[in-house]
Amino acid sequence: MIQKCAAGFTPRKTPELFNKLECKNPFRFTETAETDDWWLNAIQPYTEDSSLPQATASAVPEQIVFLSENCTKVTAQTGSTSVLHCEVGGVTESMVSWIRRTDYQLLTVGLATYSSDDRFFTAHVHNDQDWALHIKFAQMTDEGLYECQVSTHPPMSIFVTLKLVESKAEIVGGSVKMVQTGSSLRLICLLRYSMEPPAYIFWYHDSRMINYDTARGVEVAHERFSSELVLPRARGDDSGNYTCVPSNAQPASITVHVIKREKPAAMQHERASSSCTYRWSSAVMILGSVLLALTS
């Protein structure tokens, strides 16, 4: 999910104020030599590395065109691959780099990854002008501001803010469920805050995966963001902990108690015994009353 605001950023004269980005368009260093000085100091660790590709001298800012909007916000799900787009016209491969603004970490230059974290890489998505940063198995710690920079002098950039949400599984009906022996056990697992369907959803009875346990009559049906587990005839040994485990969401558990069903014959015998006991007690009370009257 991508949200856009109205335009790009112009940096101010200090790094502290720079982080309070103001929207203008396009983003370019044009204010003062003081502004350029602090920026050059900030990227000095990268520019001093002779192994990094150098920008072509013939490339001038007037030939560079950002085709992506500035000040965009991308919302993605943890565990998935987050994609941040940066379409630029008029550049060569070595000119586009991605920087994580939280720690000024250089992530990629062109299609080469310079981060020690190999979850980060750049690839063309929409077309050859789209230098899209990919973050595999995205974590909550990956949230924040990312900069797509073109290595002109002065440098030009656009910014993308990454927001991550964590999907969670939920089993309908609370944390405890009671069923009688012989009756049907039905559990429904829903995915909350999920932005894409899971690759799989596994059901566990205690520590055992039971999706394909046909010997016990287990039936599992999946929808895009839900799963249903059915046991047609519950037995005593079906009691225990049941867990729904989606591939891209936090799991959810429920405790199931299978209780014995009372047999109709036993229930009738209990009622008959109670009735006899009541009639016998009544007869004894009447006889006692008569004897008491005769002796008085």
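Among contacts in the protein chain between residues at least 6 apart in sequence, what percentage join residues at least 24 apart? The share is 60%, where a contact means heavy atoms within 4.5 Å.

**Before you start**

This is a predicted model, in which local features need a pLDDT of at least 70 and side-chain atom pairs count only at pLDDT 80 or more, while totals for chains, interfaces and linings use all residues. Residues are numbered from 1 along each chain as its sequence is written, and side-chain values use heavy atoms, with hydrogens and water left out.

**The whole chain**

Select the protein chain and colour it by pLDDT, the predictor's confidence in each residue on a scale from 0 to 100. The average for the chain is 79, and 68% of the residues score at least 70. Now select residues 4–59, where the pLDDT is below 50, although this stretch has 101 contacts in the model beyond near neighbours in sequence. Where pLDDT is low, the predicted coordinates should not be read in detail.

Switch to a cartoon view, in which the protein chain shows four helices and 23 strands; these are DSSP runs numbered from the N terminus, with helices (H or I) of at least four residues and strands (E) of at least two. With a surface turned on, the accessible area comes to about 16,700 Å², of which 55% belongs to carbon and sulfur atoms, as found by the Shrake-Rupley method with a 1.4 Å probe, with only the protein chains shown counting as cover for residues. Of the 296 residues, 38% count as buried, a word that here means under 20% relative accessible area, whereas exposed means over 50% and partly exposed lies in between (1.4 Å probe, protein chains only).

**First loop stop: C71**

Select C71, which lies in the loop between β4 (65–66) and β5 (72–77). Its phi is near 55°, a positive value in a residue other than glycine. Most residues other than glycine have a negative phi, and most peptide bonds are trans.

**A hairpin**

Move on to β11 (residues 120–124) and β12 (residues 131–135), which pair in the antiparallel sense over five bridges; two strands pair if DSSP finds at least two bridges between them. These two strands form a hairpin with six residues between them, and within the pairing A123 stands opposite A132 in β12.

**A cis peptide bond**

Next select H153 and P154, which are joined by a cis peptide bond with omega at about 0°. P154 is placed in the loop between β13 (144–150) and β14 (156–165).

**The open sheet**

Now show the open sheet of five strands, whose order is β16-β23-β22-β18-β19, with mixed pairing. Its edge strands are β16 (176–180) and β19 (208–209), each of which pairs on one side only. Within the sheet, β22 (residues 240–246) and β23 (residues 252–259) run antiparallel and are joined by five bridges, and G240 has V256 in β23 as its bridge partner.

**Y193 and an aromatic pair**

Select Y193 in the loop between β17 (185–192) and β18 (201–205), where this residue has a positive phi of about 60° although it is not a glycine. Is Y193 buried or exposed? Y193 counts as exposed, because its relative accessibility is 62%.

Finish with Y200 and F202, which form a stacked aromatic pair at 4.5 Å centre to centre and 20° between the planes. Rings of Phe, Tyr and Trp (its six-membered ring) pair if their centres lie within 6.5 Å, and planes under 30 degrees apart count as stacked, over 60 as edge-to-face and the rest as tilted. Y200 is partly exposed at 39% relative accessibility, and F202 is also partly exposed, with a relative accessible area of 24%.
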